[in-house]
Each structure stands twice: as C-alpha cells, then as structure tokens.
Amino acid sequence: MLCLWRRAYLVLAFFAVAAVGISPSSFLGDSLIRHNPVQNVLEHESTRGEPLCQHSTTGPIETTLCDYETIESVNGEIYSALSELVQTPFFKYFQVDLYRECPFWQENGFCMNMECGITTVDESEIPGKWRAAALSKIELPPLEERVPLPGCYYRDADYCFLDDMTEGEYVDLTLVPERYTGYSGPSAHRVWKSIYEENCFGLSELNFTLPDTLTDVLREHINGENGDSECLEKRVYYKIISGLHASISTHICLEYLNQTTGEMGPNLECFVTRVASHPERLQYIYFNTVLLLRAVSRIGPYLRNYDYCSMPTPHDHVLAKDIQEEAKALASLSKVIDIAEHVGKFDERVLFRGENANILKQEFKMHFRNVSRIMDCVGCDKCRLWGKVQTTGLATALKILFEMDENALDPHKNHNLLQRSEVVALINTLHRFSESLQAVETFRDIWKKTGESDANHLIEEAERAVVGNPRKSPPHESTQESTPTKLHIPHPPSPSPSYTISLETVRRYLRQFLRRCKKHTLFCFGIFSQVWQQIHDAMFPLRTEL
C-alpha cells in the first residue's frame, strides 16, 4: 500500500511541477544542478508576460516573497527604464577616489593594459551643486557621527566606507563600460581570494580555490553537519558576494576582446566556463536583483522627492533641454520604482533576529566594509571604479533594509538620508544586475545557433576547468594532523530516485498552480482531470502480464 501512495505522490509532484511550467531539474529549483548544468542554464526559456509575485512565499529565492519567473517577466522593462535613467546627468556622474592606497597589503600589480584606464571629467563640467565643495557642506556628517580614515569614513549605520569628497575624480560612467580589460593574474586572484577567504565568517578554514564560489557552503552540509547550523544571515551574505562576482563575470564575457579581430563582443565560452557551468551563480544574480529592488521600493518616496535638478538655483537661464532631461529622468525613475514596489519582495524581517542579532549584524557590517576597502587594492582603474560603485550600491541597499525605520524613510522629515553618491551607486548597481540578466538572453541566443560539436566542446572545456580547480576537502576530526589533505574533485551525484522531490517543493508548485486556476478555470479542470486519471492509474495499474 505504501508503494501505491508513493506512486501517487510522484505523479502529483510531476503534474504540479508541469502545471506551472518548471522542470524539477531546472536550475531555478531548490536542488543544486550537477547534471548538464550548462544546458540547464542556456536552454532555459525565460518567463514573459504578467508577473507572478504574490504576498506569500512562492520561492525558491531564499528570504524573498518572490520567484525567479517574476524577475524574468519584468526584467526587460526594468532594464529599459534603467538604461535611460543612468544616461541622465544626475546618475552618470560619480565622484570617486581611485588612488587611495590599499590598506591590507602593498599592491604593485597595476594593470598596464589600455582597457584598464579611464578618462575622468573636469570638475568644470559638473553642475556646481554636485561638486565636492558644495556637497561636503550639506552631506558630510558631523565628526562625532563618523569614524574618519584617510580619505574616507563610515557611520555606524553604513555597510561600506564612503569617500569623504575632499579628494577624488569625477567620472562619466557612460563612457567607462564594465567589460573585459585583461586584468588578471596574481593581483586579481589575491583580491577575490581576500574577499572570499578573509571576510566571509571564517571561510578561510574551507580552503576555497578560485574562481569557484561559495556553492558548497550554501548548498551542502559540511562534515555531515546539519545545514541549519549555518545561519541565514551568513548565507545571505555569501549570496550577495557570489552574486556580485557572477554579475561582474557576466559583463566581462558580454564584452570580451576578440584577439583575432580586436573588437569587443560576447564570448560564449567565457560565459559557459565562468557562470553557466555553475547555475547557482546565476541564481545569486537573481537574488541580488530582488534585494536591490526591495531597497528601491522601500525608499521609493524618498527617491521620488529627491532633487535631481542639474540647473542652478535660482534658475536664471533655464534651457528647454534641461527641463526635458529632468522630466525624462523623473519618468524613468518613477517607472523603476513602480516595478520595484510590485516585485521587490525581499523579506528583510527574517534576518537579524534573536538574542545575538546585534552582534551578528555588526559582524556582517564589518565584513562588508572590509570588502569595500578591498576595492582600493584592485590594480585596474576601470575594475576598481565599478567595484567601488557596486559595493557602495549593495551597501546602500543593505543600509536601507536593515538600518532605517519608517520615520527615517520619510522624505519630509529626513532630507539628507542618503548622500548623492549612494543614490547614484544604488541605481547604477541595480542596472548592472538587470543588464547581467539581460545578457544571459544574449548568450542563450548564441547557444541556439551553436553547432552540436562546438557545444560539446564548450561543455568539455567547462568541465575541464572545474576539474582543474579542485577544492580541498575540509579536514575531518578523525584525520590525523600528519595526514596530508587530499584533493576533492566534485563529481555529479549518481542519479537518485525521483521520489526525493521534497513535499515542500510540491506544495510550492501547487500554490502557483492554484493561483493560475483563479484566472484560467477551464485550464484547471483539464489539468485536474489528467492528474486524477494518472493517480488512479498509478495506484491501480491495469495488469496485463500473464
């Protein structure tokens, strides 16, 4: 009888998943994909049309009230609005100190490639109200409220170090695209190694080998320990860092130097090796996108009332062009905020709770501040610039979610809630992640046109890259100190029985299915009829054997 019910359970699970159009082996599911990961990513059909987000957890994006398909369904619209917004004067000019010394080690690995350099903007081209002298009078917090360091500072609520605006260059971000620069080798490796090993809650003990990310910590139990021992806040932190890394890699692959033609263009092999062969990395890009959208949603009233005007006050010589640009910026921003309010369902309430919440939050801040300072150790000016922009953008989002109450978010009570650099970084960082998701569609189109032999070659090269960067196994308690650590090469797990689909997974897809039923009743009757017939056939199969 147990066997009959198991059959029924499997059939129900299959049709519940099929009804919402998601394969149990999809890279968007709960399980870590080890079998055909590249095909799972590049042959995935993105959702288009009406968002699916609801006010109940539909997952599987952890700590959010949203799912991957929702982000897919609106990303095209978000990306279009953000692309217009970051071209406007307010959001394209960013002041940054690119020449502050690395605080952690003596950095001599500067990139000599022409692509690493950037062109700065003369201060005379920047509207007077956005220049350092003007902003420092109204935005720099009192000395007693900040911890000053050479060229930068932080306040207790800040998740990153902020430039103090006394030094630095102005950059037009539209003229410095985030793309391949040729910056690599020991210097680049040391930066990511420091970010992953030294600033991730003791991850140095796990001996990570880059360029692999934090997959096993997030997904698998270590030494047979219960996964619950890894607290939610740490997993969120790891996903943010890994998602940032994956997004940067996606942009590098999207505009990669063709050594033959000397032109920039998408490099499918780069994307397969760095991202598609590790589907969880793409999941973390979705995760960060939801987190940033939630921050934009929460601070929406403040952003709607912010002064984006580039014209002097009073407006002595107002040009029609200036008025049109400001109106265009406000329209694009309003569209982004509207979408963010609808789909930015990150649930920040589940984090930093309990008796050790404050201690954990301070540790979280300290690690992320260190990451922002590590950006001063990047030897490529262009890479350092975008590293600073995006760490500042993510840190601003974290501050909005975890440090500000409703009174603080009131634009009428708190006019100087954020510095201009934080607002610019927040929007540009969201644009970076949205563009990464858009870039995945470009690689999927290229994959469709790739011949079978070339596709197999790409997959083999990706598998060889994984094998060539094995991860050391964590030492077991029973292992003697004199025993050398053996290299562990992860292999795809052997095919497991399909009845390992979790009950929670079935419930989640059933909830999605029932929401669809509210809109398409006739469709549901057909599906229910099929499911009922399959359950009957599974429990009471027609016996034809002799």
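Predicted model: local features only at pLDDT ≥ 70, side-chain atom pairs only at ≥ 80, totals over all residues.

Student: OK, salt bridges. How many does a search of the whole structure find?

Tutor: It finds 22, where a salt bridge is a side-chain nitrogen of Lys or Arg within 4 Å of a carboxyl oxygen of Asp or Glu. One of them pairs Lys448 with Glu45, with the closest N and O atoms 3.9 Å apart. That pair links distant parts of the chain, 403 residues apart: Lys448 is in helix α15 (residues 420–448), and Glu45 is in the loop between α2 (37–42) and α3 (68–85).

Student: How are those helices assigned, by the way?

Tutor: They are DSSP runs numbered from the N terminus: H or I of at least four residues for helices, E of at least two for strands.

Student: And are Lys448 and Glu45 buried or exposed?

Tutor: Both Lys448 and Glu45 are exposed.

Student: What about Asp97, which residue does it form a salt bridge with?

Tutor: Asp97 pairs with Arg100, and their closest N and O atoms are 3.6 Å apart. Asp97 has 5% relative accessibility, so it counts as buried. Arg100 counts as buried too, at 10%. These residues also belong to a network of salt bridges that links Asp97, Arg100, Asp376 and Lys388.

Student: Which residue does Arg349 pair with, and how far apart are the closest N and O atoms?

Tutor: Arg349 forms a salt bridge with Asp347, at 2.9 Å. Arg349 is exposed, with a relative accessible area of 60%, whereas Asp347 is buried at 11%.

Student: Switching to disulfides. How many turn up in the whole structure?

Tutor: Two, counting a disulfide as a pair of cysteine sulfur atoms within 2.5 Å. Cys102 and Cys377 form one, with their sulfur atoms 1.9 Å apart. This pair links distant parts of the chain, 275 residues apart: Cys102 is in the loop between β1 (93–96) and β2 (120–121), and Cys377 is in the loop between α13 (357–374) and α14 (381–402). The torsion about the S-S bond of Cys102 and Cys377 is about 75 degrees, so that disulfide is right-handed. Cys102 is buried at 15% relative accessibility, and Cys377 is buried at 0%.

Student: Which cysteine is joined to Cys253?

Tutor: Cys270, with an S to S distance of 2.0 Å. The link of Cys253 and Cys270 is left-handed, at -65 degrees about the S-S bond. Cys253 is in helix α8 and Cys270 in helix α9 (residues 268–276), 17 residues apart. Both Cys253 and Cys270 are buried.

Student: Tell me about helix α8. How far apart are its end C-alpha atoms?

Tutor: They are 32 Å apart. Helix α8 (residues 232–254) has 23 residues and should span 33 Å, so the two agree; the expected span is 1.5 Å times one less than the number of residues.

Student: And how many residues of α8 are buried?

Tutor: 22 of the 23, so α8 is largely enclosed by the rest of the structure.

Conventions:
Residues numbered from 1 in each chain as written. Heavy atoms only, no water. Buried < 20%, exposed > 50% of the residue type's maximum accessible area, 1.4 Å probe, protein only.
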